[in-house]
Amino acid sequence: FEHQATPRTISRKDALTDLGLTPEQFAAEFTVLRGNNHLHRGQLMTAQQRIITVVDQAHGDPVIAGESALIMYGSRWHDDDFTIELIRGTSASGRPARGTVTRRLDLPPSEIVEIQGRKVTSPLRTAFDLGRQRSRMQAIGDLDALAAVVPLDLDELMAFAVKHKRSRYVRVLRELIPLIDGRAESPRESALRLFMHDVGLPKPDLQVEVRDESG
């Protein structure tokens with residue numbers, strides 16, 4: 001996974017004291033990133049960098065999860081206003097990072113990998129989380145996006161879902177697993193394929209090249 005240097009953020013207090021800015025100047029030159037982290041308006045930050053910045057200031061050694069994990073794996077299909085989701089152990093101390101959705105859960109080591117020095121849910125665990133959403137169309141789009149950037153063993157995912165059969169919305173995931181296809185090139189394409197499945201149309205093939213006699 002490609003690593004890019006993360007732009008420097010600053011708190012409002014430090015900007016006013018260390019840089020000698022007035023509140024008006026600070027408001028004109030900086031924009032809030034998350035919580036008390038501010039970014040100069042002339043700097044650009046990727047989605048991965050936004051996640052890393054928040055995680056590095058969080059307590060409890062969190063694990064990046066959900067859509068944030070999907071982004072860390074390199075997917076470009078995500079909402080601009082995506083929610084940074086973190087998992088902290090049940091015994092973790094300190095408050096959750098501001099501007100995040102934080103769940104308390106003790107994950108086994110097998111469900112955690114490391115990307116750019118930060119803990120991220122494994123592809124299997126990420127798929128399990130992304131597929132258990134109320135919106136089936138959102139879920140299949142996220143699952144297809146994950147399958148496009150990391151290998152997914154669908155039989156292993158199904159066995160994992162069966163093992164955790166009491167988890168919320170796990171029936172949605174189990175229904176969608178046979179439909180996962182990493183060749184989908186957009187969430188809308190994934191949603192259309194799900195619609196075709198729901199109305200009983202044959203399963204379509206994807207990204208079929210059609211050429212004329214000139215090639």
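Aspartate 56 is partly exposed in this predicted model, with a relative accessibility of 46%. Its side chain forms a salt bridge with arginine 118, in which the closest N and O atoms are 2.6 Å apart. The two residues lie in distant parts of the chain, 62 residues apart: aspartate 56 belongs to helix α3 (residues 47-56) and arginine 118 to strand β7 (residues 118-121). Arginine 118 has a relative accessible area of 19% and therefore counts as buried, the cut-off being under 20%.

Glutamate 175 and arginine 136 form another salt bridge, with 2.7 Å between the closest N and O atoms. This pair also links distant parts of the chain, joining helix α8 (residues 170-176), which holds glutamate 175, to helix α6 (residues 136-149), which holds arginine 136, across 39 residues. Glutamate 175 is partly exposed at 36% relative accessibility, and arginine 136 is partly exposed at 23%.

In total, the structure holds 13 salt bridges. One of them joins arginine 211 to glutamate 209 at 2.6 Å, N to O; both of these residues are exposed. Salt bridges with shared partners also connect Glu85, Arg103, Glu111, Arg125, Asp129 and Arg132 into one network.

Glu85 lies in strand β4 and points the other way from Ile84, Leu86 and Arg88, as does Ile87. Strand β4 pairs with strand β3 (residues 63-65) in the antiparallel sense over 3 bridges, with valine 63 opposite isoleucine 87. Strand β5 (residues 100-104) runs parallel to β4 and is joined to it by 5 bridges; here glutamate 85 stands opposite valine 101.

How values were computed: Residues numbered from 1 in each chain as written. Predicted model: local features only at pLDDT ≥ 70, side-chain atom pairs only at ≥ 80, totals over all residues. Heavy atoms only, no water. Buried < 20%, exposed > 50% of the residue type's maximum accessible area, 1.4 Å probe, protein only. Helix = DSSP H or I, 4+ residues; strand = E, 2+ residues; numbered from the N terminus. Pairing = 2+ DSSP bridges. Salt bridge = Lys/Arg side-chain N within 4 Å of Asp/Glu carboxyl O.
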